[in-house]
Amino acid sequence: MIAFAILALLTVAGAIAAMSLRNLVHCALALTLAFAGLAALYLQLDAQFVGFAQILIYIGAVAILIVFAILLTRGSEPPQQSILSPSWLGGIAVAVIVFGVLAAMILRSSVTHRREIAASAQASVRQLGEQLMTKFLLPLEVMGLLLTAALIGAVIIAMQEKETK
């Protein structure tokens with residue numbers, strides 16, 4: 001229970017920092033912290049595949065790609081000086097309303113009142129890995145090539161924009 005509370009606080013703190021910090025690089029690093037907290041929560045819940053996928057895909061690829069994109073495209077812009085904008089009050093009000101509606105719907109749901117425990121899934125990380133490396137190898141490789149081509153294209157576009165300035 002204590003580990004869950006620490007991981008939940010870490011995840012929420014990372015998400016709040018990602019929304020509230022002004023420096024984009026700091027926001028991306030805080031988002032990475034929130035992703036890591038989610039991965040740790042998944043691993044604590046014995047969802048190893050989802051936890052490791054969170055680490056590999058979101059932390060290892062998406063967060064690093066965001067940091068690279070920010071560093072390649074926004075390096076020469078001066079930082080913004082505004083500390084608090086008037087739209088914060090509206091954003092906070094909308095967030096509180098959405099949270100209230102979601103909490104009410106969850107509390108009224110019949111799923112929260114069930115007492116029986118569902119049977120655990122039989123698929124393990126090893127079985128999923130074997131399927132990815134045998135039956136789904138071609139789609140996995142095609143996705144890897146597609147993501148690599150997209151990353152190379154983004155770097156080429158960013159480099160051409162810097163040369164023209």
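The cut-offs here are under 20% relative accessible area for buried, over 50% for exposed, and partly exposed in between, with a 1.4 Å probe and protein chains only.

A word on the model before we go on. It is a predicted one, where local features need pLDDT of at least 70 and side-chain atom pairs count only at pLDDT 80 or more, while totals for chains, interfaces and linings use all residues. Residues are numbered from 1 along each chain as its sequence is written, and side-chain values use heavy atoms, with hydrogens and water left out.

So, back to our threonine. Thr 11 sits in helix 1, which covers residues 2–20. Helices here are DSSP runs of H or I with at least four residues, strands are runs of E with at least two, and both are numbered from the N terminus. What does the side chain of Thr 11 have 2.8 Å from one of its polar atoms? That is the backbone oxygen of Leu 7. For a polar contact we ask for a pair of N or O atoms within 3.5 Å; within protein, one must be able to donate a hydrogen and the other to accept it, and residues adjacent in sequence count only if both atoms are side-chain atoms. Setting aside neighbours within four places in sequence, Thr 11 also contacts Ala 34, Gly 37, Leu 38 and Leu 41, where contact means heavy atoms within 4.5 Å.

Now let's zoom out. The protein has six helices and zero strands, so from the N terminus the elements read α-α-α-α-α-α. There are 165 residues, and 12% of them count as buried. The exposed surface comes to about 13100 Å², with carbon and sulfur atoms supplying 74% of it; these areas come from the Shrake-Rupley method with a 1.4 Å probe, and for residues only the protein chains shown count as cover. Among contacts with a separation of 6 or more, 56% are between residues 24 or more positions apart.

Next, a helix pair. How do helix 2 and helix 3 pack? Helix 2, residues 24–44, meets helix 3 at an angle of about 175°, and their axes are 8 Å apart. That angle is why the two helices count as roughly antiparallel. By class, their contact has 21 nonpolar, four polar and no charged residues. For the geometry, axes are lines fitted to C-alpha atoms, for helices over the stretch in contact, and angles run from 0 to 180 degrees between N-to-C directions. Under 35 degrees is roughly parallel, over 145 roughly antiparallel, 65 to 115 roughly perpendicular, and the rest oblique. For the classes, Ala, Val, Leu, Ile, Met, Phe, Trp, Tyr, Cys and Pro are nonpolar, Asp, Glu, Lys and Arg are charged, and the others, Gly among them, are polar.

Two residues from this pair are worth a look. Thr 32, in helix 2, is buried at 19%, and beyond four places in sequence it touches Ile 59 and Ala 63. Tyr 58, in helix 3, residues 48–73, is partly exposed at 37%. With residues up to four places away left out, Tyr 58 touches Phe 35, Ala 53 and Ala 63. Tyr 58 and Phe 35 are 23 residues apart in sequence, yet 6.7 Å apart C-alpha to C-alpha.

In the loop between helix 2 and helix 3 we find Asp 46. Asp 46 is exposed at 60%, and although not a glycine, Asp 46 has a positive phi of about 65°.

Last stop, further along the chain. Thr 112 lies in the loop between helix 4 (87–108) and helix 5 (125–133), and is partly exposed at 40%. Leu 132, in helix 5, is partly exposed at 29%. Beyond four places in sequence, Leu 132 touches Phe 49, Leu 137 and Leu 140.
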